[in-house]
Amino acid sequence: MGDYNTPAAIRAWWRPWMGYVLAMIGFSWATVGFFNVYFSWGLPRAVFNQHSEIFVIAIYGVPTILLIKDPYQKRRLAVLVTLVFTFWYLVPTLWPFEVDAFGSNRPWAATFPGFDVPGTWTNLGLFVAALLFGRRIKCGWMNTCVAIKETAGAPFRKHTKRGTDWFKLRRIKLLTGAIYLSYFAVLFMPDSAFTRAYFYWFWTIMITVYFGSLFLAPIFGARTWCRWLCPILFGWANVLGFYRLRVDKDRCTSCGKCEQVCDFGLPIRALAEKNPMIRTTECMGCGRCRTACGKDAISYYDVRDFVREKILGQDPAYKSRQPNLAAPMPVPHLDHSTIEEMEVVGGERGYSSGKSSLAAHQ
Ligand code: SF4
Ligand code: SF4
């Protein structure tokens, strides 16, 4: 039996719990803030307001960015937190103006940028961008719901449920997506008691489920909403547009490391077995699988690749523009015969081994 009372044992036990407790405090602050405004709870608005979620993202974001070791994730999270703070807090607070909407009904006065408000032109424009580059352009780099899960919710990443059965639950999004689409139909109806009741209940249910899903993180990981519930159409842009997650089956050794880091629990190997150009509503292009793959077998595919490959006829090998930042550089095994061979070839092509170049300088 080990001694559970040593300072090291107590720290090892408490450290993850400290992360969970802090995460729950952050989730609670964000939830109470939004509900305080939406349902007029009467709590002090200076602390609990519609921007509480953004404050949580900023406050938890800074230490998370500093602690992350992977340079790509560090950069992505820094951009994500900065853009969320700028577009969801600074601009609407310092320079508030409304974005225009289409449809005859304007149920929600959307303050710029209104990216998440269906019916605004900014929302539509971002959807078009997602058709070209995948939902990655929104969810990977500029999204409040991703930002709170990758900052305050980071301790729960390891609780993600993985495997094909959990993956099947994504079909719930067919239902929530259908409800979301109906919103667009109601936008074009004349204002009436029905449309007003529809919009009230739509937003009430949406924000209750969204904030409620945060508290399921200890059971399912931080992405319950993103994986199984999110009705927002950016996921469908992955399927309808150019975005793919491309798996090079010649390089893949089926080690499964990519699946272990995916917060969406994507069964990458099973999907790649069916089609190496993986198309799912889920993948948000975070890049963790690419970094984890020591074989450099995973890359993104979007409209730029379509143009290069299908229109300009380039070889997919140009993908070196997306270096696998955390993976070690491949070092060839050099034995005596390899060096000799390089010296022979180098003589013709203009490169040489260190030994021969040293000789050349003597
Ligand atoms: S980490 Fe790379 S090599 Fe391993 S299963 Fe995933 S794609 Fe294949
Ligand atoms: S499949 Fe890869 S890029 Fe897509 S969400 Fe999972 S880890 Fe991120």
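**Predicted model: confidence, strands, ligand shells and core**

Student: What pLDDT does the chain average?
Tutor: This is a predicted model, where local features need pLDDT of at least 70, side-chain atom pairs count only at pLDDT 80 or more, and totals for chains, interfaces and linings use all residues. Residues are numbered from 1 along each chain as its sequence is written, while chains are lettered from A and ligands numbered from 1 in the order in which they are written. pLDDT is the predictor's confidence in each residue, from 0 to 100. At least 70 is reached by 84% of the residues, and the chain average is 85.

Student: How many helices and how many strands does the chain have?
Tutor: Both are DSSP runs numbered from the N terminus: helices are H or I with at least four residues, strands are E with at least two. By that count, the chain has 18 helices and 3 strands.

Student: In what order do the strands of the sheet lie?
Tutor: Two strands pair if DSSP finds at least two bridges between them. β1 (residues 244-247) and β3 are joined by 4 bridges and run antiparallel. The edge strands, each pairing on one side only, are β2 (277-278) and β3. The sheet is open and its order is β2-β1-β3.

Student: Which residue of β3 is the bridge partner of Arg246?
Tutor: Opposite Leu245 stands Tyr300 in β3. For Arg246, the bridge partner is Ser299.

Student: Which residues come nearest to ligand 1?
Tutor: A residue counts as near a molecule if its C-beta atom, placed from the backbone, lies within 6 Å of it. The shell around ligand 1 has 9 nonpolar, 3 polar and 3 charged residues; here Ala, Val, Leu, Ile, Met, Phe, Trp, Tyr, Cys and Pro count as nonpolar, Asp, Glu, Lys and Arg as charged, and the others, Gly among them, as polar. α13 (257-261) and α14 (268-274) each supply at least two residues of this shell. Of the 15 residues around ligand 1, the nearest are Cys252, Cys255, Lys257, Cys258 and Cys293.

Student: Which residues come nearest to ligand 2?
Tutor: This shell divides into 10 nonpolar, 2 polar and 1 charged. Of the 13 residues around ligand 2, the nearest are Cys262, Cys283, Cys286, Arg288 and Cys289.

Student: Is Ser254 buried or exposed?
Tutor: Ser254 is in the loop between β1 and α13, and has a positive phi of about 60° although it is not a glycine. A residue is buried if 20 or more other C-beta atoms lie within 10 Å of its own, exposed if 12 or fewer, and partly exposed in between, with C-beta atoms placed from the backbone. Because Ser254 has 12 other C-beta atoms within 10 Å, the class is exposed.

Student: How does Asp296 count by its C-beta neighbours?
Tutor: Asp296 is in the loop between α15 (288-292) and β3. Its phi is positive, about 55°, although Asp296 is not a glycine. Because Asp296 has 17 C-beta neighbours inside 10 Å, the class is partly exposed.

Student: Which residues of the largest nonpolar core touch the most other members?
Tutor: Of the 362 residues of the chain, 34% count as buried. A nonpolar core is a set of buried Ala, Val, Leu, Ile, Met, Phe, Trp, Tyr and Cys residues joined through C-beta atoms within 7 Å. In soluble globular proteins, nonpolar side chains tend to be buried together. Of the 64 residues in the largest core, those touching the most other members are Ile57, Leu80, Val84, Ala130 and Ile268.

Student: Which peptide bond is cis?
Tutor: Pro113 is in the loop between α3 (71-94) and α4 (121-133). With omega near 10°, the cis bond runs from Phe112 to Pro113.
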